[in-house]
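Trainee: I am new to this one. Could we go through it by question and answer?

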Amino acid sequence: MSDILCSEAKAFLSQPLQLFINGTWQASKSGASTDVINPSNGKSIASVASGDERDVNMAVEVADMAFREWSKRTPESRAATLNKLANKLEAEIDTLAQLEALDVGKAVVNAKGFDIPFGIECVRYYADLATRAEYSKPLNLTAIDARVHRVPYGACGFIFPWNFPFDLLMWNVIPALAAGNTVVIKPAELTPLTTLYFCKLAEEAGIPPGVINVVVGAGRKVGTPLVQHPKIRRISFTGSSTVGKQIASMCGERPIPCKLELGGKGAAVVFEDANLDKAVTQLAGAITLNTGQVCCTATRWLIHESIYDKFVEKVTATLKATAIGPSLNPATEMGPLVSQAQQDTVLDYLHKGLSEGAEAILEGGAVSISGSEGGFYVAPYLLGGSADNVCFREEIFGPAAYLVKFSSETEALELVNSLDYGLANSVFSEDLERCNRVAEQMIAGNSWINAHNVFAYGLPYGGINKSGVGGGVNCPETFYDYLRDLTVARPLD
């Protein structure tokens with residue numbers, strides 16, 4: 001590994017990594033630390049300080065103080081600083097990509113080719129938007145001079161999962177900063193590396209002390225006190241639906257607004273006239289991207305009965321040819337799962353699905369990679385059968401999909417909308433009128449046509465039902481989410 005890493009990544013990992021509070025690197029109050037594990041071989045990458053409520057309290061207090069200066073800066077001033085940060089990030093794309101790949105287990109070609117550049121683009125997008133945003137809106141009222149004035153909330157809390165540490169950090173934290181808020185971040189304990197490296201570059205770019213703070217630690221020790229701290233004005237959580245409900249409840253007790261981007265169980269409908277090669281490429285790519293650890297990916301494949309056998313033949317061949325290997329190998333197309341626990345979960349779903357009568361279309365399962373013994377590898381697997389199977393109904397979060405045949409558009413839509421999730425679905429057909437008709441009837445935050453996992457800045461992304469609430473990401477609405485309305489009115493004599 002050390003022969004592959006760039007010098008900047010080596011230097012960063014060669015030291016004990018600490019919490020970032022008030023512009024300084026600090027050990028946790030308890031002195032506790034935790035090892036970050038390389039999913040490709042099961043070995044320790046680095047030691048990271050592990051915080052608790054005392055660290056959270058300090059981080060929130062300094063964020064609250066820093067808000068007073070950061071919020072008073074002009075949008076142009078904040079944008080200029082954020083653009084300096086984007087320059088720093090761009091200069092270290094290789095370092096960030098290696099740290100992200102090493103930490104999560106994702107293929108470095110994907111981290112460098114998409115994750116890191118797309119996250120950096122987010123910084124520039126919101127820096128520009130901040131200079132063009134409407135901060136005061138006049139109201140046309142009789143006998144009253146009135147307007148709605150938009151102002152930032154204050155110190156905002158963020159809790160992130162382990163599957164896309166860098167992009168989720170950018171998508172959520174950057175619009176909050178651009179709008180004038182300060183932030184306290186709890187990254188996943190499993191994958192804190194790019195978040196901490198981001199702090200290093202933010203400091204170098206001139207982000208003032210206290211504007212960005214990071215406390216690594218367990219959910220009950222860091223996440224809970226962060227959500228419950230009286231000076232946190234807004235919470236953003238990305239993760240499981242179960243934890244999201246708990247956070248929503250805690251926010252409701254205070255009450256403060258919360259943004260929840262939760263799990264999904266996306267469906268893809270492939271009609272008989274679909275471009276089969278495109279559908280196969282998109283859907284095989286969906287479950288191998290980040291080893292299937294993508295909340296919006298399509299894991300329920302609804303295939304028209306007339307093309308089912310041909311689709312299965314093509315997609316199994318594609319998946320069997322996927323190059324599985326360690327994350328930093330440039331030839332790797334799909335890396336390991338993030339942890340032993342996640343590997344156990346994904347394999348358990350395979351066993352449960354088969355025990356409930358599913359057909360093993362592609363067996364997949366645990367695999368050993370030469371030279372990477374101890375890694376958490378799972379080859380893609382496909383199951384098929386009845387829609388009442390657990391693997392059709394529940395999120396697996398691995399390189400797996402469940403196939404069901406359908407015969408009519410009505411049947412396909414009933415299957416798509418049969419679950420309580422509502423994040424992202426897709427439809428494949430050469431008939432664009434039908435595509436649009438079906439897309440509009442899918443119960444979700446996002447419907448994609450002849451593609452899956454479609455992201456762009458300016459294109460809203462968010463979920464409904466069990467998949468989320470409180471707004472999406474990557475669009476102007478995200479920026480305005482971090483500004484609260486203040487009505488200013490004066491009666492006219």
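Trainee: Is Leu139 buried, partly exposed or exposed, and at what relative accessibility?

Mentor: This is a predicted model, in which local features need pLDDT of at least 70 and side-chain atom pairs count only at pLDDT 80 or more, while totals for chains, interfaces and linings use all residues. Residues are numbered from 1 along each chain as its sequence is written, and side-chain values use heavy atoms, without hydrogens and water. Buried means under 20% relative accessible area, exposed over 50%, and partly exposed in between, with a 1.4 Å probe and protein chains only. Leu139 therefore counts as partly exposed, at 32%.

Trainee: Where does Leu139 lie?

Mentor: Strands here are DSSP runs of E with at least two residues, and helices are runs of H or I with at least four, numbered from the N terminus. Leu139 belongs to residues 136–141, which are strand β5.

Trainee: Which loop holds Ala143, and what is its phi?

Mentor: Ala143 is found in the loop between β5 and β6 (144–152). Its relative accessible area is 43%, so Ala143 is partly exposed. Although Ala143 is not a glycine, its phi is positive, at about 65°.

Trainee: Is Asn290 buried or exposed?

Mentor: Asn290 sits in the loop between α10 (276–288) and β13 (298–304). It is a residue other than glycine with a positive phi, near 55°. Because its relative accessible area is 4%, Asn290 is buried.

Trainee: What is the omega of the peptide bond from Arg254 to Pro255?

Mentor: Pro255 is placed in the loop between α9 (241–253) and β11 (258–261). The bond from Arg254 to Pro255 is cis, with omega near -15°.

Trainee: How many bridges join β3 to β4?

Mentor: Two strands pair if DSSP finds at least two bridges between them. β3 (residues 33–37) and β4 (residues 44–49) run antiparallel, and Ile37 stands opposite Ser44 in β4. The two strands form a hairpin with six residues between them, and Gly42 in the turn has a positive phi of about 75°. The number of bridges joining β3 to β4 is five.

Trainee: Within what arc do the buried residues of α3 fall?

Mentor: Helix α3 covers residues 75–91, and its buried residues include Leu82, Leu85 and Leu89. An α-helix has 3.6 residues a turn, so residues three or four places apart point the same way. The arc is that of the directions from the helix axis to the C-beta atoms. The buried residues of α3 line one face of the helix, because seen down its axis they fall within an arc of 165°.

Conventions. The expected span of a helix is 1.5 Å times one less than its number of residues.
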